[in-house]
Protein chains: 2
Amino acid sequence: MGISEDLKQNKFRTPTSKAIVNIIYTGNWVLQQQHELLKPFGLTIQQYNVLRILRGQQNNPITVLGITERMLDKMSNASRLVDKLLEKNLVLRRECPHDRRAVDVIILPAGLTLLEEIDQVQLNWEQNFHGISLEKMDQMNEILDEFRNVFTNN
Amino acid sequence: MGISEDLKQNKFRTPTSKAIVNIIYTGNWVLQQQHELLKPFGLTIQQYNVLRILRGQQNNPITVLGITERMLDKMSNASRLVDKLLEKNLVLRRECPHDRRAVDVIILPAGLTLLEEIDQVQLNWEQNFHGISLEKMDQMNEILDEFRNVFTNN
DNA sequence: TTGTATTTAATGTAATTACATTTAAATTTG
DNA sequence: CAAATTTAAATGTAATTACATTAAATACAA
């Protein structure tokens with residue numbers, strides 16, 4: 001019996017201790033799904049996140065530090081992630097004009113096209129959750145937010 | 001502005017797409033906390049999980065495959081994780097009597113003691129969430145379970 | 001201005017992880 | 001029974017990640 005059965009059978013001291021395992025497990029489960037979904041596109045989850053951050057900039061360049069700050073996942077070396085995207089010709093890197101320490105990164109049309117392809121598959125995957133009411137989703141979002149905010153804001 | 005602000009400001013197409021990011025982000029946030037919490041004890045999260053699985057066995061040995069099946073995190077090479085725990089003298093490894101392919105793993109008293117120490121810190125950390133009602137925790141648990149179960153059971 | 005501290009990115013490295021392969025034992029099949 | 005298949009664990013390896021350090025540019029302070 002695996003952990004999914006543990007979760008079903010409520011083998012936990014308290015709802016809180018179950019919640020902690022449940023959040024880790026479900027987060028991991030989602031990551032796994034995303035990982036599978038991205039495989040055919042030759043991107044890791046981290047690379048995909050960086051690409052989306054770049055798209056979110058709407059043509060404005062963003063520095064490597066800017067990327068780091070926006071990343072889901074702590075400091076996974078944005079510098080080397082950008083390297084990988086460069087190798088795939090999905091982004092452009094150039095010295096920042098006002099600050100020669102910084103490096104601007106911009107998404108290339110090829111990057112945008114790739115993201116659009118992935119969007120299709122993503123949207124399709126999200127359809128799976130349409131059986132869950134939006135009210136419930138909102139509820140969960142609220143509680144997750146509250147969960148993190150017990151520590152003076154995160 | 002980082003992703004935590006994105007979550008606060010509801011910059012998402014739908015509650016569902018927010019939920020997906022929120023679950024990954026919160027899961028990651030919890031993992032990060034656990035990681036910090038375990039640092040003083042010289043264990044990685046994976047090693048800690050394996051130790052807890054072994055404790056859950058109540059003196060009954062469990063095979064490496066058994067451990068893999070119970071792990072939160074897919075296949076992170078239980079074999080090598082057990083190696084690490086062996087190096088730290090927290091577990092014992094021996095050939096399984098009925099099946100010479102399999103290897104039984106048992107937690108040692110030192111392992112149990114270490115877990116007890118960690119329990120203290122864990123419990124202390126969980127106190128942070130006592131401001132959230134148990135009803136809410138239950139609600140979140142239910143929705144997380146439902147979330148995963150849209151795919152014929154996970 | 002000069003020297004010090006800070007910021008930004010890149011790099012070195014050790015550990016971890018993902019994924020495939022290997023080895024040995026057990027199980028199944030002909 | 002022998003051969004083929006499956007199962008369990010270990011291992012090889014390439015990629016990724018975590019963490020520390022370095023290098024270069026900027027900001028700041030005396």
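Start where the two chains meet: 47 residues of chain A are in contact with 47 residues of chain B, contact here meaning that C-beta atoms, placed from the backbone, lie within 7 Å. On the chain A side, the elements that supply two or more residues are helices H1 (3-9), H2, H4 (64-70) and H7. H2(A) gives the most, with 17 residues. Sorted by class, that side of chain A has 22 nonpolar, 14 polar and 11 charged residues. Nonpolar covers Ala, Val, Leu, Ile, Met, Phe, Trp, Tyr, Cys and Pro, charged covers Asp, Glu, Lys and Arg, and the others, Gly among them, are polar.

A word on what you're looking at: this is a predicted model, in which local features need pLDDT of at least 70 and side-chain atom pairs count only at pLDDT 80 or more, while totals for chains, interfaces and linings use all residues. Residues are numbered from 1 along each chain as its sequence is written, chains are lettered from A and ligands numbered from 1 in the order in which they are written.

Now for the largest nonpolar core, which has 24 residues, with Met140(A) and Met140(B) making the most contacts inside it. Such a core is a set of buried Ala, Val, Leu, Ile, Met, Phe, Trp, Tyr and Cys residues joined through C-beta atoms within 7 Å; buried means 20 or more other C-beta atoms within 10 Å of a residue's own, again placed from the backbone. Helices H2 (15-38) and H7 (134-149) of chain A, together with H2 (15-38) and H7 (134-149) of chain B, each give two or more residues to this core. Setting aside neighbours within four places in sequence, Met140(B) touches Ala19(A), Met140(A) and Ile143(A).

Step back to chain A as a whole and you'll find seven helices and three strands, in the order α-α-α-β-α-α-β-β-α-α from the N terminus. These elements are DSSP runs numbered from the N terminus, helices being H or I of at least four residues and strands E of at least two. Of the 154 residues of chain A, 29% count as buried.

Over in chain B, three strands form an open antiparallel sheet in the order S1-S3-S2, where pairing takes at least two DSSP bridges between strands. S1 (62-63) and S2 (91-95) of chain B are at the edges with a single partner strand each, so one side of each has no neighbour in the sheet. Five bridges join S2(B) to the antiparallel S3 (residues 103-107) of chain B, and Glu95(B) stands opposite Val103(B) in S3(B).

Terms used
A residue is buried if 20 or more other C-beta atoms lie within 10 Å of its own, exposed if 12 or fewer, and partly exposed in between; C-beta atoms are placed from the backbone.
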